[in-house]
Amino acid sequence: MRTITPEPKPPLRLNALRDAEGPVELRGMVHNIRDMGGFSFVLLRTGRHIVQCLWDAARLGELPFRESDSVCVTGRAVREPRAKLGFEIHIDGAAVLSRAAELPPVTLYKQNVNLSLDSHLAYRPVVLRHPLVRAVFRLQDGLCRGFREYLTAQDFTEIHSPKIVSAGAEGGANIFKLDYFGRRAFLAQSPQFYKQAMVPVFGRVFEIGPVFRAEPHDTCRHLNEYTSMDFEMGFIDSFRDIMTMETAMLAYTFGLLREEYADVLELLRITLPATDSVPEIPFHEAKETVAREYGRPIRTYADLEPEEERLLGRWASEHCGTPLVFVTHYPTAARPFYAMDDPADPSVTLSFDLLLDGLEITTGGQRIHDYESQVGKMLGLGMNPDEFESYLMTHRYGTPPHGGLGLGLERLTAQLAGIDNVRYAALFPRDMHRLEP
Ligand code: AMO
């Protein structure tokens, strides 16, 4: 009888290779071959690195592989200061593990990807292999890890809420409808109802998951499916507890990136924002500051316009030494029915957005926890509380003062990496025109 023992092959670590003496074995994909006449430089792409190898044709004969093949090479690691990693592998032998049927349609070994948005996304499965492109998703890996590790350490419990739902949580028309065995259903716009329902269960919860927005917005900021990083916490004293938690989470995450993703930060030329004192500015004051500082007339008090957000980012960088800025007290009319109004001025809510470099990356705030108040606000908005019976169980059967936030993973990634279109920060973006690849 065969059995499986839990001892996987250890992942290939660069240091082990670098310090190797004697034979080394390396599996990877042929990234590029440069014929130097007599010998060739073979760049092997592993899951983390591009390793320079040397193929001596006089000794080994013709190359048995070509670009994009998967190979296993054996050889010796030799110190070589001119190689990017500080060493190279002198190949003694190679086995082809898998052959590509065709050469890639895009060059993956040039410094930059010079493709139009359409071609880039059409060839996405291949373009993602480019070192600069895949670095964006290593960054994303670090961001999710930071969020998860920090919140777990703060006693948050990770949850997974349904994405097929019977009612929208965020209001508005931007919701995908679905035929669910003959009944009307929707794709979740956010885990809002469920994370609130979990506060009386665990006190603190978080979720990293897909959400769906049917917004017909063909902009650089909107996706129709994105990854929402949400948390919700009970027994708060104020909505500022949420802002403090987010700032601390970001500080932790940026520390993790500095420690474990330094190669990614370098490749993408990322300077991480300062998090030691993030400014906070109320909505109306934010509008007036932008108007005063940059001469942009206020056109509406309904919401912040994208240009105002951009200028506010500039203001934070110029005056506060960080591209991060919290805008607080959004107008009640601009926030969903679950937002708590400010008792001191019910025309505004105890809510906030966090902007990074002039783009909203987070929305959050305190929620209504009192049953009568929540039903009252729904009625005031012309909603039928009967349609939200299961959501209202949270309030009816008791829930502590609580609040939380939703952070858009792709927007955060794009802003940190200086990417001007959020599509490039989604592996396989879904927008109005793209369902493939
Ligand atoms: P909101 O709708 O503001 O709030 O979304 C929260 C964050 O999600 C990101 N985001 C988007 N990213 C890409 N494409 C989109 N179409 C898109 N829409 C939103 C943004 C935004 O800040 N339930 C609340 C959050 C909460 O209060 O807990 C919510 O979903 O980064």
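**Helix packing, ligand contacts and backbone exceptions**

Good morning. Val136, Leu139, Gln140, Leu143 and Cys144 in α5 meet Leu409, Glu410, Leu412, Thr413, Leu416 and Ala417 in α14, where contact means heavy atoms within 4.5 Å. By class, eight of the residues in this contact of α5 with α14 are nonpolar, two are polar and one is charged. Here Ala, Val, Leu, Ile, Met, Phe, Trp, Tyr, Cys and Pro count as nonpolar, Asp, Glu, Lys and Arg as charged, and the others, Gly among them, as polar.

Before I continue, a word on the model. It is a predicted one, in which local features need pLDDT of at least 70 and side-chain atom pairs count only at pLDDT 80 or more, while totals for chains, interfaces and linings use all residues. Residues are numbered from 1 along each chain as its sequence is written, and side-chain values use heavy atoms, with hydrogens and water left out.

Helices (H or I, at least four residues) and strands (E, at least two) are DSSP runs, numbered from the N terminus. Two packed helices are described by the angle between their axes and the distance between the axes. Helix α5, residues 131-153, packs with helix α14, residues 409-417, at an angle of about 120°, and their axes are 10 Å apart. These axes are lines fitted to C-alpha atoms, for helices over the stretch in contact, and angles run from 0 to 180 degrees between N-to-C directions. The two helices α5 and α14 are therefore oblique to each other; angles under 35 degrees count as roughly parallel, over 145 as roughly antiparallel, 65 to 115 as roughly perpendicular and the rest as oblique.

How does α5 pack with α8? The angle is about 130°, with the axes of α5 and α8 8 Å apart, and this pair is therefore oblique as well. Among the residues making the contact are Arg138, Leu139 and Leu143 of α5 and Met245, Tyr252 and Glu260 of α8. The contact of α5 with α8 comprises eleven nonpolar, three polar and four charged residues.

A further pair is α12 (residues 371-380) and α13 (residues 389-396), which pack at an angle of about 145° with axes 8 Å apart. Tyr371, Gln374, Val375 and Met378 of α12 make this contact with Tyr391, Leu392, His395 and Arg396 of α13.

I turn now to the ligand. Which of the 22 residues around the ligand come nearest? They are Lys195, Glu215, Glu360, Thr363 and Arg367, a residue being near if one of its heavy atoms lies within 4 Å. A polar side-chain atom of Glu360 lies 2.5 Å from an oxygen atom of the ligand. For the side chain of Arg213, an N or O atom is 2.8 Å from a ligand oxygen atom, and for that of Tyr226 the value is 3.0 Å.

Finally, the backbone. Most residues other than glycine have a negative phi, and most peptide bonds are trans. Phe235, although not a glycine, has a positive phi of about 60°; Phe235 is found in the loop between β11 (225-234) and α8 (240-260). The peptide bond from Glu436 to Pro437 is cis, with omega near -15°, and Pro437 has its place in the segment after α14. Thank you.

Notes: Polar contact = N/O pair within 3.5 Å; in protein donor to acceptor, adjacent residues only side chain to side chain.
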